[in-house]
Amino acid sequence: MSNINGVSNSPVVTVPRASAPSITPAPTNHLKTSTSEGLVFLLRTSFEKFSDPSEPGVISRESLAKKAYSPEGNSDSIYESQLAREVLERNRLFEQLDGFGEHKQDGKITQESLGAFEAKENGRFSTMNDKDIGRYFFDNFNDFRYLDPLSESYREELGVPTLESVATSSTSGSEKKMFARELLGRPELLEQLGLGYRSARVTRGDVEQALPTIK
């Protein structure tokens, strides 16, 4: 309808624009930057989560693939799926692991397989006794402490998370990674050093005091 001046009095109807559908970003996969040795370390420390229910003590290609390509759920299952995919898709890493242990190339890997792979990759540290490993840790303590992401708060201390970060990092030196993996693979030694649980932190002085008690 228009008034006498020819101006329309009809209300202006605004048509709402359809909102664009929200897109949930894909979860970040930090494992992409981990070395193959780091992936093996993570797989070994979470072995039971990937083992084949029909064959305890074994991770089969099938059980790993099921974990890798199953629908992702909570943060724990997302991380496990990412780790399983990396092991299956990283430069024939699964096949390399399957080449170690008593039964080779049978589509299955065991703790023995992972341990043999790590011993090869960990070089001279795998043949050192606990006392020598403890001494190396004391002698090189500051090299690891400076890699601690919490070093601003804990200038004199380090803990298991720092060692895990070194073991899986693609930027740490090869010797540091080999040592960190070897030390983390010796839970009894970690306990003697005062690192028997994840939240524990020790100073270089703590390690020095522990050295005489290491068997």
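**Reading the features**

A: Start with arginine 90, which sits in the loop between α4 (75-89) and α5 (93-97). The model is a predicted one.

Q: Is arginine 90 buried or exposed?

A: Buried means under 20% relative accessible area. Arginine 90 has a relative accessible area of 14%, so arginine 90 counts as buried.

Q: Which backbone oxygen atoms does the side chain of arginine 90 reach?

A: The side chain of arginine 90 reaches the backbone oxygen of serine 34 at 2.8 Å. The backbone oxygen of leucine 31 is reached by that side chain at 3.3 Å. Leaving aside residues up to four places away in sequence, arginine 90 touches Leu31, Lys32, Ser34, Thr35, Ser36 and Leu39.

Q: Where is glycine 196, and why does glycine 196 count as buried or exposed?

A: Exposed means over 50% relative accessible area. Glycine 196 has 51% relative accessibility and therefore counts as exposed. Its place is in the loop between α11 and β4 (201-203).

Q: What does glycine 196 touch, not counting residues up to four places away in sequence?

A: With those residues left out, glycine 196 touches Leu190 and Glu191. As for a distance across the chain, the C-alpha atoms of glycine 196 and glycine 159 are separated by 9.7 Å, and these residues are 37 apart in sequence.

Q: How is a helix read in this way, for instance which residues of α7 are buried?

A: Take the buried residues, then what covers them, then the helix end. Helix α7 spans residues 130-139, and Ile133, Gly134, Tyr136, Phe137 and Phe138 are buried in it. Their cover includes α8 (141-145), β3 (157-159), α9 (160-168), α10 (174-184), α11 (187-192) and α12 (204-210). At the N-terminal end, asparagine 129 caps α7, with a side-chain oxygen 3.2 Å from the backbone nitrogen of lysine 131.

Q: What do the totals for the protein look like, starting with how many helices and strands there are?

A: There are 12 helices and 4 strands. Of the 215 residues, 41% are buried. Among contacts with a separation of 6 or more, 57% join residues 24 or more positions apart. The protein exposes about 12700 Å², with 51% of it supplied by carbon and sulfur atoms.

Q: What is the mean pLDDT, and where does pLDDT stay under 50?

A: The mean pLDDT is 80, and 78% of the residues reach 70 or more. Over residues 148-154 pLDDT stays under 50, and the model has 9 contacts beyond four places in sequence for that stretch.

Note on methods:
Residues numbered from 1 in each chain as written. Heavy atoms only, no water. Buried < 20%, exposed > 50% of the residue type's maximum accessible area, 1.4 Å probe, protein only. Helix = DSSP H or I, 4+ residues; strand = E, 2+ residues; numbered from the N terminus. Contact = heavy atoms within 4.5 Å. Polar contact = N/O pair within 3.5 Å; in protein donor to acceptor, adjacent residues only side chain to side chain. pLDDT = per-residue confidence, 0-100. Areas by Shrake-Rupley, 256 points an atom, 1.4 Å probe, with all protein chains shown as cover.
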